[in-house]
Amino acid sequence: MEISVLKVLLKSISSFFNLQCHENRTSELVQMYHQKIKDILKLVKPVLESIADIEVASDESLQKEFAGLSQYVNDLKELIEDSHPLMSKVYFVMQVESLFAKVRAHSLQVFELLKSSPKDLPEELSSTSLEHCLQKIKHMSYEKSSAILSKAIKDQTEGSGPNIDSRSKISEFLNLKLNQELLIEAVALEKLKEIAEQAEKAEDLECIEEMIALVTYMNDCLIEAKQAQTSNPVPIPPDFCCPLSLELMTDPVIVASGQTYERGYIRKWLDLGLTVCPKTMQTLAHTNLIPNYTVKALIANWCELNNIKLPDPGKTVTLTPPKSPESVRATIGSPEKSLISSSGTTHHVQSSSEDSLPENGHELTGSIGQRLDSGAQSSAGGGLTEKLTEGHQRTVSTSSTHSNTSFSQELSHEANEASAVPTAIAYSSDVSGEVAPESQPAPAANTPTTPQFSPRFESRPRNQLWRRPSERYGPRIVSSPSAETRPDLTGVETQVKKLVEELSSTSIDVVKKATGELRLLARHNMDNRIVIANCGGISLLIGLLRSTDEEVQENAVTALLNLSINDNNKSTIANADAIEPLIHVLETGSSEAKENSAATLFSLSVIEDNKIRIGRSGAIRPLVDLLGNGTPRGKKDAATALFNLSIFHENKARIVQAGAVRYLVELMDPAAGMVDKAVAVLSNLATIPEGRAAIGQEGGIPVLVEVVELGSARGKENAAAALLQLCTNSSRFCNMVLQEGAVPPLVALSQSGTPRAKEKAQSLLSYFRTQRHGNGGRG
């Protein structure tokens, strides 16, 4: 048992070394930290390998260091895997430096313990060589930007605000020099805040709100500096300035939120994959740009009255796109998975409903494909990520928490909102960010509703050029997709209509080409997805799921996966009887087709009614088969789809009967890289008698106890929840859990875990005490 902890650590280090920090999807910031961590681990790994099979490795003090080091290496690997161009840089640096410091401290302690060990060491581990390695690690420097950030956050919290020197250092190091860059950072942090609200993580929420306050202050300072530097003799009215460029608008357009922007700047923003309004932070129902002739005329009149010449509309737009178009697919729609606690430890966001996976996805950015269209690379020549490819950019699975918070539209009286679509429909939003009608089934009583913005942010003064509503997010405005409202899509519509017609061709080569091009178009942006659906492409693509040509089938299922990112398309695809053809692909397709079919089923299952339809259509058994026999990415896609389906109670028994528990227990081997996903599904299945029986029969209890002891924060939460279900419903299982030595790790978890983990551990320990006093459980 002791030596296995060291071997798990060595596997974790090897896995970190195998992590590909691709230049085309990660920033120089991520690559720099990745290299510094590797430098430390390159010194540590040979030493650990040389003692792996000798007596000294069983030393209790070393075992403790090995376990801690393994945990932090895994957390760093996950953090870097999840990085993407539009992540929060402030949040990333705070996490990575905290974890880096822990890895460094544990590594130093390992060398100190080995130096002082009375036991025999291999010849190559002389006191001199160990001291040499120790000194090398001590002198390994890293950018201590988190200290600067912490000081700036403290200054901001105390009311004085960070000074210009601190702001300059932060702007330089994190490349947050432009208004647009600060807005992108704000969007990323707001998404993290939403995750923390949904998971009811009070400590994390406070940390993120403080980061938002800092970025907001930096943005306000930038705007004030910009206004002070203006060369215009007459102040420009704020409503005439683009909230992105801070310049006078020459071609103002309205977006779905009703806000007005300079066309070139908002188009660049949308092309980055950002589907929220920069000014209100609300999700845009569509990405059509409607000319705001009213504001344009007002600006022209104002310029004429003040003898000011309009700037050149063709000037360069300075928004910087990520290095690869695929890498934005996870963007802000895919919530990042882990948050920092006030103590500096890294833990994962977790829904409180049915002990669910702590990942929730918006527009199919989730553990499921953490790649949308992972296969388009074959026809496009580019590499895609898990929501973007596996190991690539991770996508996020949907949490079981469902919020029925309704958002009613509030129409602003600002001039630049005058032409907003006056829709006043209320919507219900589940945690994945998908919009569904309010007629959805009501959530369970214990399901938390999404909190509103805290009062401290409602009252915070905002610069006039970047106002946010007091409500958490504004309504999602639905407008007609007619050609008149999106004149800039005419060329795309013509192209799509031709490709849709070619889907019915009798020539297999023509169909291959058409499906391949539609697949790529659907991958790139929301406009294309809307156009393809409006041109009738969905039903024809569904028909091609039964094609005997492998390439056609792969293209069709991947195109549908990408189309399903759009809220409305989810319902359209399901209502067009796509579920059974998708199951056909899941049973008969190539590896890639099976993966993307599972990912599509996951995407559709975000809608509550579809969970029921998919479960009753026979999809669970082939998903379980993919879980047990698929490729590594296929297994992850299957696990995430099964988790989402297990939220609906009726599906739990089907999942157990299909034999999923055996595979899930096998996947709890750390080498599989799926411990958190597997334990989350088991946690849901443990809520029914059949699930508990299968977990006990398949040997799940020992591995659940091991996860409580050595797993990630997220894994510990779900493992403790599963054990609580097992113990409180069966005295036999309770005895098995006790025999596995669960009490010490549960005591530790009850004291140092996340709030939810503490609650589960404390409940379980309390139950053990009750049993000792003679209250028997059910056998």
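Modeller: Among contacts in the protein chain between residues at least 6 apart in sequence, 74% join residues at least 24 apart; contact here means heavy atoms within 4.5 Å. This is a predicted model, in which local features need a pLDDT of at least 70 and side-chain atom pairs count only at pLDDT 80 or more, while totals for chains, interfaces and linings use all residues. Residues are numbered from 1 along each chain as its sequence is written, and side-chain values use heavy atoms, with hydrogens and water left out.

How confident is the predictor? The average pLDDT (its confidence in each residue, from 0 to 100) is 75 for the protein chain, and 74% of the residues score at least 70. Please be careful with residues 321-487, where the pLDDT is below 50, although this stretch has 574 contacts in the model beyond near neighbours in sequence.

The protein chain has 33 helices and eight strands, taken as DSSP runs numbered from the N terminus (helices are H or I, at least four residues; strands are E, at least two). Of its 779 residues, 60% count as buried. Buried means under 20% relative accessible area and exposed over 50%, with partly exposed in between (1.4 Å probe, protein chains only).

Now to your salt bridges, each one a side-chain nitrogen of Lys or Arg within 4 Å of a carboxyl oxygen of Asp or Glu. The structure holds 24 of them.

Let me start with Glu 81 and Lys 77, whose side chains meet at 2.9 Å, N to O. They are separated by about one helical turn, because they sit four residues apart in helix α3 (residues 60-81). Glu 81 is buried, at 8% relative accessible area, and Lys 77 is buried too, at 16%.

The pair of Lys 226 and Glu 247 joins side chains at 2.6 Å, N to O. Lys 226 belongs to helix α9 (residues 202-228) and Glu 247 to the loop between α9 and β1 (252-254), so this pair ties together parts that are 21 residues apart in sequence. Both ends are partly exposed: Lys 226 has a relative accessible area of 31%, and Glu 247 one of 28%.

Arg 662 makes a salt bridge to Glu 666, with the closest N and O atoms 3.8 Å apart. Helix α26 (residues 660-666) holds the two of them, four residues apart, or about one turn. Arg 662 is partly exposed at 38%, and Glu 666 is partly exposed at 46%. Elsewhere, salt bridges that share partners link Glu 78, Asp 676 and Arg 714 into one network.

For context, here is the nonpolar side. A nonpolar core is a set of buried Ala, Val, Leu, Ile, Met, Phe, Trp, Tyr and Cys residues joined through side-chain atoms within 4.5 Å. The largest one has 98 residues, and those with the most contacts inside it are Leu 6, Leu 48, Phe 66, Phe 92, Ile 266 and Trp 269. Helix α4 (residues 89-116) gives the most to this core, contributing 14 residues. Another core lies apart from it, with 96 residues, among them Ala 638, Val 661, Ile 688 and Val 703. Back at Phe 66, its contacts include Val 5, Leu 6, Leu 48 and Val 110, neighbours within four places in sequence left aside.

Two loop residues are also worth a look. Asn 307 has a positive phi of about 55 degrees although it is not a glycine; it sits in the loop between α11 (293-305) and β4 (338-340) and is exposed at 73% relative accessibility. Asp 577, likewise not a glycine, has a positive phi near 60 degrees. Its place is the loop between α19 (567-575) and α20 (579-588), and Asp 577 is exposed, with a relative accessible area of 58%.

Key
pLDDT = per-residue confidence, 0-100.
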